Amino acid sequence: MSASENIAVSPRVQRLHQILLWPLRLMPIGDAPGAPRRPWERLAAVADSPWREVADEYTGGPQNFHERHYQEFVTFLPYVQRFLYGEGAEGGAGSGMKVFRRHDVKQLRVQTRPQDAPLLLEVVHVDLYFFFDVDVVLLNVEVSSADLALSQAQELMYRLGRAYPPGWDAQGLPLHCLAQAEWLDAQGQVLSSSDSRERDSFIEHVHRHRAPRLARHWDWLLRPLVNHAGETNSGALSYRQIEYYRMPMMAYLAVDDPRALTRSDFVRLGLVTGSGPVAQEGSLPYGEDHLSDFERRYCYDRFWSDGGAAPQTRYLCSGHALVVVGRADAEFFSCRDRGVLAQFRHQHFLIFLIAHFQKAALLMFSDRLVEALRRLNVQDPENVRRFKRAIRSAFEGFLRFTHRYWFHDVAEQAQSRALFRMCAEHLGLDALHAEVKQRVTDMSAYLETDSIRRQANTVVRLTVVTIFGLVGTITTGFLGMNLLAEADAPWTERLAYFGAVLAVTVALTVYTMVKSKRLSDFLDALSDERLSAWDKLRAFAAVWRSGPG
């Protein structure tokens, strides 16, 4: 059977919405006097930046606030509401997020495989999500299309969200990613196109920078943000990859009859494996034993029935992907305020965003600790001070993240709560949080222990100086004794005596400080009743012995 024949008999997807959500770490840069400190302020300060801050429905006029926004708001628990939306327009704290959007990209023309015909996708929006106190940005791209074969939708879901090609075949064609991608403006003019076939440039970049190079169309889309690896502009807002090159993805598929999809179709959709070879249509992408618990682990089937609020709707969640398959009725994908599609683009998107933001933030904190340790040079006091500042900053940032952004539940509604828990479980958020918390705590405990050790050393040295200074003070001050009765001498002579005594006292104090560690050892030996007089004498002689103390 040919590819065109396969498309003809494949179930039709009447509507496809695909959302990519790629977390990136924002890298710190030097602050010039008067320069904006927050990343979104730096982005807004770029004169020719295509990104503009989004005035959301809550901060805009009441004419922009609709029922779907109300339903989105009441889905979440109060502490999540405060994170997402703030605490009121007047006098309250603002949202924990800043959203920037670019409006020049209107369409995406893609070719999934070299032998496939190009597809034209509508770009719904392209956003950047920034977060207060966390150096993470999330790139959000939403595209939509209509009337696709299921196999086309599967290939699009599998290949679209790849930041760069993982390899090439013997003919030099990129593997697992789009054969070609082009961002288009409103007039259909090409703004940027992919370069995944330029194998040598990707290989050379990794060889030179020990970091992958983003495909040209993704690099262009993020500008003026620049890839930290290979960029020479030290003042630019730069990012670094902290997760897999395959972007987390959401998809909504409206089909005429969801029951007509086979188990193989759902496995390929839920695990985002692509359509598979034409000759093996209906076969599973993995072994049956591996997929024996697929429905239990990855499927949420509360509405997988012929009745209820959303009949014949199945949710598939693998952490990396959240896929919704529903009926192609107007009730479910045309209504902007109600139905499965409205929930998918609002409540479910935010659930997915929170889970992946939490994972990205935790990975970012772990990354910061590794960098601080890698730069540590214990022989350089200034370097040690910078290390301590970096660790304390990471500890403070982690505390703010935990108390502001770390949630185990985001909603009490059964569906929203279940989907968030499925995302969190597949992403391993609890284990990752515990691991990063332990690392941050270990670093903080090390700094505390080191500080206590230094203070103890200082106290010991001062105690030694005080003890030996006390001997001279009592000796010379006993009964007010004056060895030299110069009270009536001329002031110049008294000043000379004062200077001489001061110099001798300072020299003796400095010398005592230099020998304070050995003198401390001698005092320990002197107070040890188990040592003989000879051992104590040897300990006293060791104070002036050459070599390390």
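Buried here means under 20% relative accessible area. Keep that in mind for helix 13. One more thing before we start: this is a predicted model.

So, helix 13. It covers residues 414-427, which makes 14 residues. From first C-alpha to last it reaches 20 Å, close to the 20 Å expected at 1.5 Å a residue. Which of its residues are buried? Gln415, Ser416, Leu419, Phe420, Met422, Cys423, Ala424 and Leu427. Just after the helix comes Gly428, with a positive phi of about 65°.

Next, the core. The largest nonpolar core has 134 residues. Six of them touch the most other members: Leu128, Phe131, Leu139, Trp218, Leu253 and Phe357. Which helix gives this core its largest share? Helix 11, with 18 residues.

Let's stay with Phe357. Leave aside its neighbours within four places in sequence. Phe357 is then in contact with Phe83, Phe131, Val134, Val136, Leu138, Phe401 and Tyr405.

Now the open space. The second largest pocket holds about 920 Å³. Its lining has 30 residues, and the closest to the centre are Pro28, Arg37, Asp135, Arg368 and Ser393. What is that lining made of, by class? There are 15 nonpolar residues, 13 charged and two polar.

Where do these lining residues come from? Five elements supply at least two each: strand 1 (12-26), helix 2 (39-45), strand 6 (134-149), helix 11 (340-375) and helix 12 (381-405). Helix 12 gives the largest share, seven residues.

On to the closed spaces. How many cavities of 30 Å³ or more are there? Three.

The largest cavity has a volume of about 80 Å³. It is lined by 15 residues. Nearest its centre lie Arg162, Cys177, Leu178, Ser196 and His217. Strand 7 (180-184) and helix 7 (216-222) are the elements that give two or more residues to this lining. By class, the lining divides into nine nonpolar, four polar and two charged.

The second largest cavity comes to about 40 Å³. Leu20, Met157, Tyr158, Gly161, Arg246, Met247, Met249, Val272 and His320 line it. Six of those are nonpolar, two polar and one charged.

Start at Phe357, among the core residues that touch the most other members. Then go to the second largest pocket, where helix 12 gives the largest share of the lining. Finish at the largest cavity, with His217 among the residues nearest its centre.

Key: Residues are numbered from 1 along each chain as its sequence is written. This is a predicted model: local features need pLDDT of at least 70, side-chain atom pairs count only at pLDDT 80 or more; totals for chains, interfaces and linings use all residues. Side-chain values use heavy atoms; hydrogens and water are left out. Helices (H or I, at least four residues) and strands (E, at least two) are DSSP runs, numbered from the N terminus. The expected span of a helix is 1.5 Å times one less than its number of residues. Buried means under 20% relative accessible area, exposed over 50%, partly exposed in between (1.4 Å probe, protein chains only). On a 1 Å grid over the protein atoms alone, a cavity is a set of points where a 1.4 Å probe fits but cannot get out, and a pocket is an open set with protein on both sides within 12 Å along at least five of seven lines; lining residues have an atom within 4 Å of a point. Grid points are joined across faces, edges and corners, and a volume is the space filled by probe spheres set on the points. Ala, Val, Leu, Ile, Met, Phe, Trp, Tyr, Cys and Pro count as nonpolar, Asp, Glu, Lys and Arg as charged, and the others, Gly among them, as polar. A nonpolar core is a set of buried Ala, Val, Leu, Ile, Met, Phe, Trp, Tyr and Cys residues joined through side-chain atoms within 4.5 Å. Contact means heavy atoms within 4.5 Å.
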